[in-house]
Structures are given as structure tokens and as C-alpha cells.
Amino acid sequence: MVLSVVIVNYNVKYFLEQCLESVYNSNLNLQEGTDKTLELEVFVVDNASVDGSVEMVKEKYPQVRLIANTDNVGFAKANNQALRIATGDYMLLLNPDTVVERDTFCKCIDFYTTHPDCGGLAVKMINGEGTYLKESKRGFPTPATSFYKISGLIRIFPHSRRFAAYYMGHLSDNETNQVDILPGAYLMISRQALEKVGLLDESYFMYGEDIDFSWRIKLAGYQNYYFPETRIIHYKGECTKHGSMNYVYTFYNAMSIFVERYFSGSNARIFNMMLHLAIWGRASLSWIKRLVQNIALPLTDFMIAFAGFLAIKHVWAAEWAANVNYYPPEYTWVVIPIYILLLMLGSWMYGGYERPVRLMRIVKGMAVGSTLLLVFYSLLNETQRYSRALLLLGCAWTIVSSLGIRGIMSLLHIKGYELKTKASRTCIIVGSKQESERVRQLYEMLGCAKIATVMDENTDCNKLNDTIICYKADEVIFCSKDLSIKHIIDLMTQLGQLSGRRQQTEFKIVPSESDFIIGSNSINSSEDLYTEELHTIVSSLNRRNKRLLDICLAVFSLIFSPVLFLIQHQKDHFFAHCWQVLCGKKTWVGTEGNETRPGIFAPQNALPGKVDNLNDDLRQRLELRYLRNYKLSTDLQIFFKNIRNI
């Protein structure tokens with residue numbers, strides 16, 4: 001076996017499918033002009049995905065050597081599972097959110113034959129918009145190098161040998177060079193080097209393992225090379241926000257391990273202290289920035305809604321009661337804010353503050369909030385009621401003002417707040433007549449976009465750019481059945497360099513014989529995957545609503561604890577469980593995997609009778625069904641069915 005490809009997957013089924021298609025469409029002819037071919041074996045290690053990745057691989061790629069983990073064991077350990085049984089002369093660690101050119105593997109293997117000192121190899125990476133990813137080559141993270149990156153000096157001097165050493169900015173992006181660190185998204189190593197270096201260090205759960213591995217390759221006497229003669233697309237996502245405390249902890253822990261391994265004495269302590277201060281300082285600034293960004297829109301909604309309520313109150317009091325001071329101060333400073341907050345809560349629960357913005361989510365959420373306000377209003381004593389007309393007019397104003405704010409943000413082209421629906425977007429298809437017709441039918445069936453025109457697979461960049469400008473296209477769809485990945489990458493990069501191309505135009509790729517389309521933003525938003533998605537628990541809306549339900553049920557349990565406590569089978573757990581759920585340490589219904597917090601109850605508790613002796617296969621199938629088709633009603637049913645076992 002010449003090459004073993006190892007792909008670690010976690011809940012990115014559609015990217016994985018496109019990645020595997022590009023891998024198996026690779027040209028296997030080594031050293032052009034000879035009969036020597038590339039023998040290929042592919043491993044997919046799945047870290048307990050709940051999006052159907054395992055089933056997809058079994059159905060569409062039975063030749064893949066699949067390792068399906070029941071837990072998320074981390075990146076390093078998952079790769080090692082495959083590396084231990086791989087038989088190739090060369091090993092490739094490949095991310096599932098990548099697409100390789102047809103000749104990528106052969107060019108890399110040929111490079112090894114002419115560079116016997118090569119231990120690790122990386123290629124040129126671009127993102128889904130055709131932009132070069134500077135992570136393609138990196139330098140060793142010395143204290144100074146790390147400081148220049150974390151402090152932001154690298155952005156000011158992007159080509160400086162000193163300040164841009166983290167990304168080796170002084171080296172050309174288009175020239176082959178020796179580098180220190182290779183990216184984990186595409187990291188090839190020879191078996192000879194792997195036997196000396198050893199497997200990935202499993203002390204790293206996420207982040208840092210590629211730095212450690214690359215540096216060990218150099219310590220073993222080999223060189224790492226950056227090889228830009230071939231390229232891959234890397235839909236670089238941000239599953240963990242860099243400003244979040246979870247990211248900071250994970251990243252700092254990884255860097256601390258690295259420092260302890262490769263620095264000694266006072267240098268290690270000083271470096272660790274610098275990293276500690278720099279990372280947490282940077283994270284704090286990022287957290288503050290994200291906090292401001294997150295509260296800016298709700299705060300604007302509240303202030304404008306409050307101003308509207310005041311104006312309506314003033315006019316109504318002047319016209320109806322002939323007294324602008326008719327309503328007491330508590331109505332202004334207590335009741336009105338409560339009205340607005342409840343309306344905003346309804347909008348939030350329906351996804352009104354999610355991006356991309358969807359106006360109907362806001363309307364539905366605030367409509368539900370208005371209905372609840374009216375019900376609450378009708379239950380009050382006569383002396384506690386204020387004008388129903390003010391309530392209705394205020395609700396209407398809050399809805400209209402919220403929609404208006406989004407409209408203004410859309411006119412200002414603020415990312416994530418564009419109000420164009422999928423159906424109103426204009427699209428250009430590039431591909432053969434047969435494949436373009438299939439994509440057209442797919443779009444029409446799903447109501448995704450308006451097809452402006454179809455261009456054949458031989459179209460050049462200038463013609464495509466002129467067509468984009470002519471039709472003011474929002475999307476360009478490439479049919480990968482007809483266009484090579486190399487051609488697609490060429491078009492994306494060339495279009496990105498043309499000043500005439502509208503910056504809002506997105507590039508998307510439709511794999512052959514598939515009913516989904518992957519775009520430049522798809523890794524961060526399932527909105528770009530034009531296919532019927534499973535209603536999984538991993539969606540932000542479901543996670544948020546599940547957490548809100550947990551809090552409500554915990555408060556309910558504590559309020560009625562005088563009664564509930566008496567009927568408990570195990571009374572010593574009651575208050576501890578309520579407190580743990582309220583604090584977010586546990587959830588009322590959870591699974592053994594990593595998609596939920598530890599649960600007081602499990603999905604199998606929905607079954608009648610005792611479930612203690614349930615076999616593992618049935619338990620896992622019940623948990624998988626729960627994770628894939630999550631509903632709040634399921635949690636409610638399980639909670640009240642097992643209310644005596646809290």
C-alpha cells in the first residue's frame with residue numbers, strides 16, 4: 001500500500017461526503033508517463049457523530065475502513081486509532097471539511113521521491129471563498145513569536161521575518177520551502193519518519209497536537225516542507241469560538257503541555273506565564289467584544305421599543321384622559337420594561353436573534369409573547385390593569401420597530417442580517433447541460449434561488465466575472481461532476497482577485513449525484529446546506545430551548561418541593577439534582593455521549609416498566625433517535641413520567 005488517508009469526522013456528514021468523493025476521484029498515476037499507480041486506503045474515524053455520518057459512509061463508501069467511536073475521544077487519539085493499523089508507505093491526516101485536487105496525492109508522493117529528507121508535507125490551502133489560508137505554513141511558537149501573534153503585531157507587519165514568524169510571512173505563498181509546523185488539516189508523513197517520531201500525543205485533546213507532531217518530525221532529523229504546487233479547499237470553521245472560556249482553557253492547556261515538553265527551567269516558567277497572561281488577556285478582550293456584539297441588537301430593540309411605548313402612552317393619556325400624567329411612574333419604569341422583555345424573550349426563543357436573520361421568527365416569537373401578555377393581563381385584578389389598547393399598540397410597535405432595525409442593518413450590508421430569502425437570491429450554474437439541469441431542478445424543488453443563467457464547464461474567469469456583474473449574482477454554483485477541483489479553485493481565486501466581482505457573491509459546489517450544496521459559509525451555518533436536515537439536538541435553537549426548559553422544570557420542582565419531596569423514592573438526591581440542573585452541571589434528560597450534559601434521566605426512561613437491564617444495542621439506538629429527532633415534548637414526557645425518581 002502506498003498511501004493511507006486518515007479522516008477524523010465529527011458531525012460534518014456533507015463535508016465528509018464531498019471530501020471522500022474528491023479523494024476517490026484522485027488521479028492514481030504516479031510519475032506521469034509511467035505505469036506506476038497509487039494504491040490507496042482510506043480510514044474514517046467517527047467521533048460519535050449524531051448527524052448520520054456513519055450510515056452515509058457505510059451506504060455510499062463501503063470500501064472505507066470505518067472506525068465508529070461511541071464517544072468523542074479527541075483528534076489525536078482518533079487519528080492514532082487508524083495510524084496503528086494503516087499499511088501505507090505514506091500517511092495523510094486529512095480534515096473532513098477539505099476537498100483535494102485530482103493530482104494532489106500523486107504530486108505529494110512524487111515530491112517525497114525527489115526529497116529524501118522530507119518527513120512531513122503540507123500543501124497550499126484556500127478557503128471556500130478562494131482566499132489563501134496563512135495556516136498552510138507556520139513557524140515554531142517561541143515566546144517572542146507567540147507574543148507577536150497574540151498581541152496583533154503580526155497583522156501590522158504580515159511579511160516581516162520577525163513579527164510574522166508565526167505564519168512565516170517572509171516566505172512566498174507560492175514557493176516550496178522548509179517550514180517548522182504543518183497544519184493538521186492536511187499533514188502527510190512518510191512511514192519511515194512515523195516509525196521514528198511515533199504517534200500523535202494523546203495528551204492533547206484538541207489544539208496543539210499538530211504543532212507537537214510537526215516539531216517531533218524535525219527533532220527526528222527530517223524536514224517539514226510547504227508544497228504549493230497543489231492545493232486543497234479547506235472550509236475552515238470555528239466550532240469553538242476563540243473568545244470563549246472553553247477555547248481558552250483547551251488552547252492554554254495544550255500550549256502548557258507543549259511548553260513543558262520543549263522548554264526547560266526558567267524559560268518554561270516565563271513562557272508559561274507570558275502565555276497565561278496573553279491568552280487570557282486576549283480572550284477577555286474577545287469575550288467583551290462578543291458580549292457587546294451580542295447585547296447591541298437586543299439593547300437597541302429594547303431602547304427603541306421603550307421609546308415607542310412612552311410616545312404611545314403620552315399620546316393616549318393626552319387624548320383619552322386629557323392628562324399626560326394619567327399613568328403612574330411604576331407603569332413607565334416597571335410594567336413597560338416587563339412587557340418589552342417578555343416580547344423579546346418570545347423572539348429569542350423562536351430564533352429572532354439568530355443569524356442569518358429570518359423576519360418570520362421575530363414575528364412568530366413576538367406574536368406568542370403578545371398572546372401570553374394578554375392572557376397574563378386578563379388574570380390581573382381590575383386595579384392592577386392598565387389600558388389594553390396601550391398593550392396592543394405597544395406590542396405592534398415593538399414588532400414593527402424590530403423588523404425595521406433589521407431592515408436598516410440589511411441596507412447597510414451588515415453580515416448575517418441580509419434580508420434576501422433563498423428564493424429571491426440570484427444564482428449562476430457552471431457545468432454541463434445535463435448536470436446543470438439537475439441542479440436547476442434541485443433548486444426549483446427546494447425553492448432555494450432564482451437561476452439567472454447556466455454557463456458551460458469550459459467558461460473562463462473573465463466571462464464568468466462579467467456574467468456575475470450583469471446578473472448581480474448572489475451565488476455561483478460549480479458542478480464538481482464536470483469541473484475538476486483544480487478548475488474550480490482557479491476560478492474562485494481569480495474571481496477573488498478581480499475588483500469587478502461583487503464581494504457578496506458566494507461560491508458553492510454541488511457534488512455529483514447528491515442533493516446538497518456546500519458553500520463558503522456552510523461550515524458555520526446549516527442554512528447553506530440545501531437539504532432536509534435532521535432536527536438534531538446540536539442546533540443552537542434546540543440547545544437553548546432545552547436549557548430554558550431545564551431551568552423551568554428545576555424551578556417548578558423547587559417550588560413544589562414540599563409535595564414532590566414526600567413522593568420521592570430516593571429523597572437524598574432530590575435537592576442535589578434540582579440544584580445541579582439549575583446551575584447547568586446536569587440536564588433532566590441526557591445521554592452518555594458528548595452532545596448533552598450528564599442527565600438525571602435517559603431516553604430509555606420513556607419506556608414503560610424498568611429499564612435497568614436494557615441491552616446496550618437498544619439503549620444506543622434510543623439515544624441516537626433522541627439526539628437526531630429532539631423535541632422539547634420528549635423531555636417533558638420523560639420528566640413527568642419519572643417525577644418520583646428525581
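A: Cys19 is buried, with a relative accessible area of 0%. Buried means under 20% relative accessible area, exposed over 50%, and partly exposed in between, using a 1.4 Å probe and protein chains only. The model is predicted: local features need pLDDT of at least 70, side-chain atom pairs count only at pLDDT 80 or more, and totals for chains, interfaces and linings use all residues. Residues are numbered from 1 along each chain as its sequence is written, and side-chain values use heavy atoms, with hydrogens and water left out.

Cys427 also counts as buried, at 0% relative accessibility. Cys427 is in no disulfide (a pair of cysteine sulfur atoms within 2.5 Å). The nearest cysteine sulfur belongs to Cys479, 9.2 Å away. The disulfide count comes to 0.

Now the helices. These are DSSP runs of H or I, at least four residues, numbered from the N terminus. Take H8, residues 209–219. In H8, 9 of the 11 residues are buried, so the rest of the structure largely encloses this helix. Gly221 follows H8, and its phi is positive, near 100°.

Next, H15 (residues 461–471) and H16 (residues 485–497). They pack at about 60°, with axes 10 Å apart. Axes are lines fitted to C-alpha atoms over the stretch in contact, and angles run from 0 to 180 degrees between N-to-C directions. H15 and H16 are therefore oblique to each other. Under 35 degrees counts as roughly parallel, over 145 as roughly antiparallel, 65 to 115 as roughly perpendicular, and the rest as oblique. Their crossing is right-handed: the near helix is turned clockwise from the far one by less than a right angle. Cys461, Leu464, Asn465 and Ile468 of H15 make contact (heavy atoms within 4.5 Å) with Leu491, Gln494 and Leu495 of H16. By class, that is 5 nonpolar, 2 polar and no charged residues. Ala, Val, Leu, Ile, Met, Phe, Trp, Tyr, Cys and Pro count as nonpolar, Asp, Glu, Lys and Arg as charged, and the others, Gly among them, as polar.

Last, H12 (residues 359–379) packs on H13 (residues 388–411) at about 165°, with axes 10 Å apart. That makes H12 roughly antiparallel to H13. This crossing is right-handed. Residues of H12 including Leu359, Met366 and Tyr377 meet residues of H13 including Arg388, Cys395 and Arg406. The contact of H12 with H13 has 12 nonpolar, 3 polar and 2 charged residues.

How values were computed. Helix = DSSP H or I, 4+ residues; strand = E, 2+ residues; numbered from the N terminus.
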